[in-house]
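Me: I've got a model open and want a quick read of it. Can you walk me through the overall form, then the surface?

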Amino acid sequence: MAEKKEETKRDELGESLNDLFSNVCAMIKGELQGTGNLLELLEKMNIKVAEEYNGFGDVAAGLRVFVEQLKAKNGNFDEYVQQIDAIIQQLTKFEVEVSMLDKYVSLLESKVQSAYKISPLNHSA
């Protein structure tokens, strides 16, 4: 009977150890499965980010072409800006000349008015 008790204790101990190892094994499998799932998720996220950055590269290339086009157009406008500056300089000179002519005409007008006022007095005398 002592042998049976000891054998029963061994069977119980063996079952307990078997359960323990099974549970530890299940726990390790679960941890590994969780780690595997996280790595899969990380891989998918990396792929998604790479796709987005690839799209950004296309956008950046398009923007570079657009900037080059704008630079070319800006170069064309430089000629017009120079022409406008030349016209403004000519207008400034013209305004000075018109002002001088206006003063001269005013002076002539006042001389004519003076002469007109003096002239009738000479005729009446």
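Me: What radius of gyration does the protein chain have, and what would a compact globule give?
Reply: The chain has 52 Å, while a compact globule of 125 residues would be near 14 Å. Keep in mind that this is a predicted model.

Me: And what does the C-alpha trace span along its principal axes?
Reply: About 175 × 30 × 15 Å.

Me: How many helices and strands are in there?
Reply: One helix and zero strands. Helix H1 covers residues 2-124.

Me: What share of the residues is buried?
Reply: Buried residues make up 0% of the 125 in the chain. Buried here means under 20% relative accessible area.

Me: How far apart are the C-alpha atoms of Leu70 and Ile87?
Reply: They are separated by 25 Å. Along the chain, the two residues are 17 residues apart.

Me: Surface now. How much accessible area, and what share belongs to carbon and sulfur?
Reply: The accessible surface comes to about 12000 Å². Carbon and sulfur atoms hold 62% of that.

Me: Which residues make the nonpolar surface patch?
Reply: Leu13, Leu17, Leu20, Phe21, Val24, Met27, Ile28 and Leu32. The patch is about 780 Å².

Me: Why does Leu32 count as exposed?
Reply: Its relative accessibility is 58%, and exposed means over 50%. Leu32 is placed in helix H1.

Me: Switching to charges. How many positive and negative side chains?
Reply: There are 14 positive and 21 negative ones. The centres of the two sets lie 7 Å apart.

Me: Which residues form the negative surface patch?
Reply: Glu3, Glu7, Asp11, Glu12, Glu15 and Asp19.

Me: Take Glu15. Exposed or buried?
Reply: Exposed, with a relative accessible area of 52%. Glu15 lies in helix H1.

How values were computed:
Residues numbered from 1 in each chain as written. Predicted model: local features only at pLDDT ≥ 70, side-chain atom pairs only at ≥ 80, totals over all residues. Heavy atoms only, no water. Patch = residues over 30% accessible without salt bridge, like charges linked within 9 Å, V, L, I, M, F, W, Y side chains within 5 Å. Areas by Shrake-Rupley, 256 points an atom, 1.4 Å probe, with all protein chains shown as cover. Salt bridge = Lys/Arg side-chain N within 4 Å of Asp/Glu carboxyl O. Helix = DSSP H or I, 4+ residues; strand = E, 2+ residues; numbered from the N terminus. Buried < 20%, exposed > 50% of the residue type's maximum accessible area, 1.4 Å probe, protein only. Lys, Arg positive; Asp, Glu negative; His and termini not counted. Charge placed at Lys NZ, Arg CZ, Asp CG, Glu CD. Rg over C-alpha atoms; globule rule 2.2 N^0.38 Å.
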